[in-house]
Amino acid sequence: MKRGKKIVFISHCLLNQNTLPTGRASFAGSVKELLELFAESGVGIVQLECPQMEFNNGLDRRPALKGGNENDSFRKNCKKMSSQVLDKIETYMKRDYKILGILGVEFSTTCGVHQVRNGRRSSPGKGVFMEELELEMQKKNFQIPIMGVNLNNVYSSVDKIQSLLKFT
Ligand code: SF4
């Protein structure tokens, strides 16, 4: 079988909900609808590291506020992680792989793409990791779509990703 050479980079918790803050998982393990979609489309999945798990109290943490994420070295760590992700993307691109997109998680103060939730309120904006990824991509002039998966409405997210796949 030939390699499909199509790759998507996705936020860690879309494949492993165990890294979400205590009580916040929407699925017991991974998001089956996304796994099925990419498996059926012949798309390889690269799982991003979870910045909150790595740099902010591991498994036993409470949901983070975006302002809290700005403190200490969290942003610096996200920046470093983003640069490593871009190196990986570059490795694939140099060998003619197509990077279809990066999937974040809406409402996360770290991986949100269009919406972040601060306490009880949601507002437009990106999470810290997605902001840093976008900045790193701008530096390298990479044109890779970043999309947010809404775990409260996975089917609408799947529809949007399907449209993205149609144009590749
Ligand atoms: S949204 Fe991002 S930071 Fe939050 S659990 Fe998922 S991968 Fe980790």
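## Around the ligand

Sorted by type, the residues of the shell around the ligand come to 7 nonpolar, 6 polar and no charged. Keep in mind as you explore that this is a predicted model. In total, 13 residues surround the ligand, and the closest are Cys13, Cys50, Ser108, Thr110 and Cys111.

Which helices each supply at least two residues of this shell? They are helix H1 (12-15) and helix H3 (51-55). H3 gives the largest share of the shell, with 3 residues.

## The sheet

Now look for the strands. Strands of a sheet pair through backbone hydrogen bonds, either parallel or antiparallel. Here you can find an open sheet of 4 strands in the order E2-E1-E3-E6, with parallel pairing. Strand E2 (44-47) and strand E6 (146-149) stand at the edges with a single partner strand each, so one side of each has no neighbour in the sheet. From one strand to the next, the twist averages 30°.

Val8 stands opposite Gly101 in E3.

Helix H7 (residues 154-166) lies across E3 and E6, and runs at about 155° to E6.

H7 also meets helix H2 (residues 32-40): the two axes come within 10 Å and cross at roughly 20°. Angles under 35 degrees count as roughly parallel, and H2 and H7 are therefore roughly parallel to each other. The crossing in which H2 passes H7 is right-handed. On the H2 side, the contact is made by Glu33, Leu34 and Leu37, while H7 brings Val154, Val158, Ile161 and Gln162. These contact residues divide into 5 nonpolar, 1 polar and 1 charged.

## Helices H5 and H6

Two packed helices are described by the angle between their axes and the distance between the axes. For helix H5 (residues 74-94) and helix H6 (residues 128-140), the angle is about 45° and the axes are 8 Å apart.

Overall, the contact of H5 with H6 holds 9 nonpolar, 2 polar and 5 charged residues.

Methods
Residues numbered from 1 in each chain as written. Predicted model: local features only at pLDDT ≥ 70, side-chain atom pairs only at ≥ 80, totals over all residues. Near = placed C-beta within 6 Å. Nonpolar A, V, L, I, M, F, W, Y, C, P; charged D, E, K, R; others polar. Pairing = 2+ DSSP bridges. Axes fitted to C-alpha atoms, helices over the stretch in contact; angles between N-to-C directions. Contact = placed C-beta atoms within 7 Å. Parallel < 35°, antiparallel > 145°, perpendicular 65-115°, else oblique. Left-handed = near helix turned anticlockwise from the far one by under 90°.
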